Amino acid sequence: MKLPLRIAKVLLELSNGTILPGSAAKHAVIEDLIQENILFRTGKIRKTVGLANQEKLDLYLHTRFSIKDLQAYVAALEEGDSSRAFLVNVTGDSKLKSVRTFKGFLVNSLTPIPATLNSEEILIEPVEGIFNFIYDFEKFIPAPDVTIVGVENSENFRRLKGQAYLFKNIRPLFINRYPQSQNKDFITWMKSIPNNYLHFGDFDMAGIGIYLNEYQKNFPDKSRFFIPEGLEELLKNSGSRTRYNTQKINFNISRIDEVEILSLISLLHKYKKGLDQERLIVESEK
């Protein structure tokens, strides 16, 4: 059973010697403490509540709620980033409140990427079969010339070597769109750094919708949709009509001012096809 924060704050005030109006201390726990003679209540019309025995209150809170330190308990519930270890120390219960153990996002690279993390210089090293997970993303700053490339599909994120030819003119740091629960952290992070964003997704209406609705709207001045050379031939020869026929447009075309996207939409309508981004992984690397 969890002691509500509101009542914990009331008990903390009473522990500090404050006498509170009865209306400010209404709860089943308060009534129980009065019955146990740990708190006292005076008055008939204008009732007040005060602390009668601090030692018994501490024992009550410890035995019933596993609260070792009432002040620390209140601070833990009010503090947004209390760790699970801190909650265990205060209450013996790591699940007292929801704590995000794995905030952040996955990154991958083709070449060593310089950055600072918690004010220390680091290198994001590419190692086959290993991704890096940036936890302290709030204090992670890539070099200014690094372009952040958001990758829609996991296979493309994993097989970067087979797509190196696509990014010869930039210094890319790749971010995986999944798991989706981490995407909010990525959006927050992108808003905080000056680096440009390049969206690498499927070449279809759904892919354009993801870019516009999740990314471009959040940092419009530094984002663009990746269009590879020779896309028209790929779309013509390898595209999927089913993909084109089954997808619905979930964005307003009249509001798009990015020429590359308008050209892509024209191609999708021209050939009535869509193309998975996995098609760009060269065969020798698959």
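Colleague: At what angle do helix H1 (residues 5-15) and helix H4 (residues 70-78) pack?

Modeller: This is a predicted model, and the answer describes the geometry computed from it. Two packed helices are described by the angle between their axes and the distance between the axes. Here H1 passes H4 in a left-handed crossing, and with their axes 10 Å apart the two helices pack at an angle of about 145 degrees.

Colleague: How many of the residues in the contact of H1 with H4 are nonpolar?

Modeller: From H1 the contact takes in Leu-5, Ala-8, Lys-9, Leu-11, Leu-12 and Ser-15, which meet Leu-70, Gln-71, Tyr-73, Val-74, Leu-77 and Glu-78 in H4. Of the residues in this contact, two are charged and two are polar, while the nonpolar ones number eight.

Colleague: Which strands stand at the edges of the open sheet of six strands?

Modeller: The sheet has mixed pairing and runs in the order E7-E4-E10-E9-E11-E12. An edge strand has a single partner strand, so one side of it is left without a neighbour in the sheet, and this holds for strand E7 (132-134) and strand E12 (223-225).

Colleague: Which residue in E11 is the bridge partner of Val-151?

Modeller: Strands of a sheet pair through backbone hydrogen bonds, either parallel or antiparallel. E9 and E11 pair in the parallel sense, over four bridges, and the partner of Val-151 in E11 is Phe-200.

Colleague: Which helix do the buried residues of H7 pack against?

Modeller: In helix H7 (residues 183-192) the buried residues include Phe-186, Ile-187 and Trp-189. The buried residues of H7 pack against several strands, among them E9 (146-151) and E11 (197-200), and also against helix H8 (205-216).

Definitions and conventions
Residues are numbered from 1 along each chain as its sequence is written. This is a predicted model: local features need pLDDT of at least 70, side-chain atom pairs count only at pLDDT 80 or more; totals for chains, interfaces and linings use all residues. Side-chain values use heavy atoms; hydrogens and water are left out. Axes are lines fitted to C-alpha atoms, for helices over the stretch in contact, and angles run from 0 to 180 degrees between N-to-C directions. A crossing is left-handed if the near helix is turned anticlockwise from the far one by less than a right angle, and right-handed if clockwise. Contact means heavy atoms within 4.5 Å. Ala, Val, Leu, Ile, Met, Phe, Trp, Tyr, Cys and Pro count as nonpolar, Asp, Glu, Lys and Arg as charged, and the others, Gly among them, as polar. Buried means under 20% relative accessible area, exposed over 50%, partly exposed in between (1.4 Å probe, protein chains only). Two strands pair if DSSP finds at least two bridges between them.
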